[in-house]
Structures are given as structure tokens and as C-alpha cells.
Amino acid sequence: MAWLVTDDKRVLASAEVADSRTARRKGLLGREHLDGAIVLTPCRWIHTIGMQFPIDVAFLDDDGTVVKTMHMKSHRIGVPVWSASLVIEAEAGAFARWGLRVGDVIEIRGDDS
């Protein structure tokens, strides 16, 4: 388990980290909901084909800065964000609740951090 933490030390949510090819490929497929978030790393492009719920998506660069956010409905294909190195996905509406927006700096902290 990991945590999404802002540069002002605010914890946004718990997060699963999908850092293997298999874990990234599976992503949120087969799930009916998501508590917290999932981090896909490395990642520059996502799709929601086969997903059962809409999601919020944040693309982060190498420094952890949010370079793009978007809302994606199910069964859509996104476009690559070449400046991104990882993606955070959460259920639709989560980013508004968290106050997450472009320019925020996010750290992915493990339990041992």
C-alpha cells in the first residue's frame, strides 16, 4: 500500500502501485469501484475500454508535477501525454474532493516512507 501525498504534506488517498507490465495491463479491469487510487508507472497513455465506471486521470512528470488531468468515461481511448512518466487513476469525482489540479506536486509514499 502506498499513499498520495502533496508537497505541503497533505495525504490525498491510499494507492495501489502497478509497476509491472502485468499489473499495468490489468489496471482497473474487472473492478466495479476503486477505493483510493491506482498508480500506473511508467505510463503515458491510458484507455477505459472494458472498464465499468468513469475515472479521473492525472498525468505526472518525472518531478511528480501534475501536467494534465481529465475525466474519462468507460470505453474510451485517450491520447499519449509525452511529458508524463506516471498516471494516477481514481473514481470520477475524487480529484474534485481531493482538490487535485494541474501544477500540484504529488509524492507516492510507501508504507516504509
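This is a predicted model: local features need pLDDT of at least 70, side-chain atom pairs count only at pLDDT 80 or more; totals for chains, interfaces and linings use all residues.
Local features need pLDDT of at least 70 and side-chain atom pairs 80 or more, while totals for chains, interfaces and linings use all residues. Numbering runs from 1 along each chain as its sequence is written, and side-chain values use heavy atoms, with hydrogens and water left out.

Let's start with strand β6, residues 86-91 (strands are DSSP runs of E, at least two residues, and helices runs of H or I, at least four, numbered from the N terminus). In β6, 5 of the 6 residues are buried, meaning under 20% relative accessible area with a 1.4 Å probe, protein chains only. Strand β4 (residues 55-60) pairs antiparallel with β6 over 6 bridges, pairing being at least two DSSP bridges between two strands; here F59 partners V87. Strand β3 (residues 37-40) is also antiparallel to β6, joined by 4 bridges, and V39 partners I88.

Now follow I88. Beyond its neighbours within four places in sequence, I88 has contacts including L4, V57, F95 and I106, where contact means heavy atoms within 4.5 Å. A second, separate core of 16 residues includes L34, L40, I55 and V57; a nonpolar core is a set of buried Ala, Val, Leu, Ile, Met, Phe, Trp, Tyr and Cys residues joined through side-chain atoms within 4.5 Å. The largest such core has 17 residues, and I88 is among the members touching the most others, along with L4, F95, W98 and I106. Elements giving two or more residues to this core include β3, β4, β6 and α2 (94-98).

Methods. Buried means under 20% relative accessible area, exposed over 50%, partly exposed in between (1.4 Å probe, protein chains only).
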